[in-house]
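Student: I would like to work through the packing and the ring pairs here. Please show me the structure.
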Amino acid sequence: MQVIYILYQYLIALPILMVLTILTAIITIICFPWKNAWWLHSVQAVWARCFCYLLFIPVRVSGKEHVMKGQSYVFVSNHQSMYDVFAIYGWLPSVFKWLMKAEIRKIPFVGTACKMAGHIYIDRRHAKSAIESLDEVKKALTGGVSTVIFPEGTRTKTGEMGGFKRGAFQIAAELNLPIIPISLTGCWQVLKPCAKYITRHSIQMHIGEPIMLHELEGQDAITYVQNKVKEGMQV
């Protein structure tokens, strides 16, 4: 069965997904004046869901009730694999902008579409560029638009969650916005580092309760949110 599934990926699913990716990128580029519109975000969400539907990967989501429409948030998530993007993009009930690696800009169609959609590239190799990217994020968080950040900075290589960097917490503190932890499990099993094909496995995404940093009463914000993400991974 695994051989059949691998052949299905390469011969059927991936060619369809490539076409859908190009079409979604074109729609996003053409419709960039409406980059914050729910309907355009919904088109992009359908594209992301197709990466799970066409490869028969079930996604279970809990905690959607913690996200209020019209409220801006700083979402922070653990980063297990590329499939984190499809799970969050497909099922997070919020219009948001990714803070993403500068290397993605080089991907044909996708790089341009992400820029037109208002997603923000960050080059961590240069401190000045990273600071400017954080400033862009702050300007984007208006009118109920949120941001999603992987504070580990990169995908895990072992399946274990790494330490969080401070960027997301600086944004939330300066703009007085709530942080919502997102806990992902199963994405690591679906697509491990250097894997040449997808492995069928269910994905669970838990959306935690909003956290206002000024209410933590002296607790270390990074450690507190890290623990909330870990707790959500057990739900």
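Student: Are Trp 47 and Phe 86 buried or exposed?
Tutor: This is a predicted model. Buried means under 20% relative accessible area. Phe 86 has 5% relative accessibility, so Phe 86 passes. Trp 47 and Phe 86 are both buried.

Student: What kind of ring pair do Trp 47 and Phe 86 form?
Tutor: Trp 47 lies in helix α2 and Phe 86 in helix α3, 39 residues apart. Planes over 60 degrees apart count as edge-to-face. The ring centres of Trp 47 and Phe 86 are 5.7 Å apart and the planes stand at 75°, so the pair is edge-to-face.

Student: And what kind of pair do Phe 51 and Phe 86 form?
Tutor: Phe 51 sits in helix α2, 35 residues from Phe 86 in helix α3. The cut-off for stacking is planes under 30 degrees apart. For Phe 51 and Phe 86 the centres are 4.1 Å apart and the planes at 10°, so the pair is stacked.

Student: How are α1 and α2 oriented to each other?
Tutor: Helices α1 and α2 pack at about 170°, with axes 10 Å apart. Angles over 145 degrees count as roughly antiparallel. Therefore α1 and α2 are roughly antiparallel.

Student: Which residues outside its sequence neighbourhood does Gln 44 contact?
Tutor: Gln 44 is found in helix α2. At 5% relative accessibility, Gln 44 counts as buried. Leaving aside neighbours within four places in sequence, Gln 44 touches Thr 24, Thr 28, Tyr 89 and Ala 117.

How values were computed
Residues numbered from 1 in each chain as written. Predicted model: local features only at pLDDT ≥ 70, side-chain atom pairs only at ≥ 80, totals over all residues. Heavy atoms only, no water. Axes fitted to C-alpha atoms, helices over the stretch in contact; angles between N-to-C directions. Helix = DSSP H or I, 4+ residues; strand = E, 2+ residues; numbered from the N terminus. Parallel < 35°, antiparallel > 145°, perpendicular 65-115°, else oblique. Buried < 20%, exposed > 50% of the residue type's maximum accessible area, 1.4 Å probe, protein only. Contact = heavy atoms within 4.5 Å. Phe/Tyr/Trp six-rings, centres within 6.5 Å; stacked < 30°, edge-to-face > 60°.
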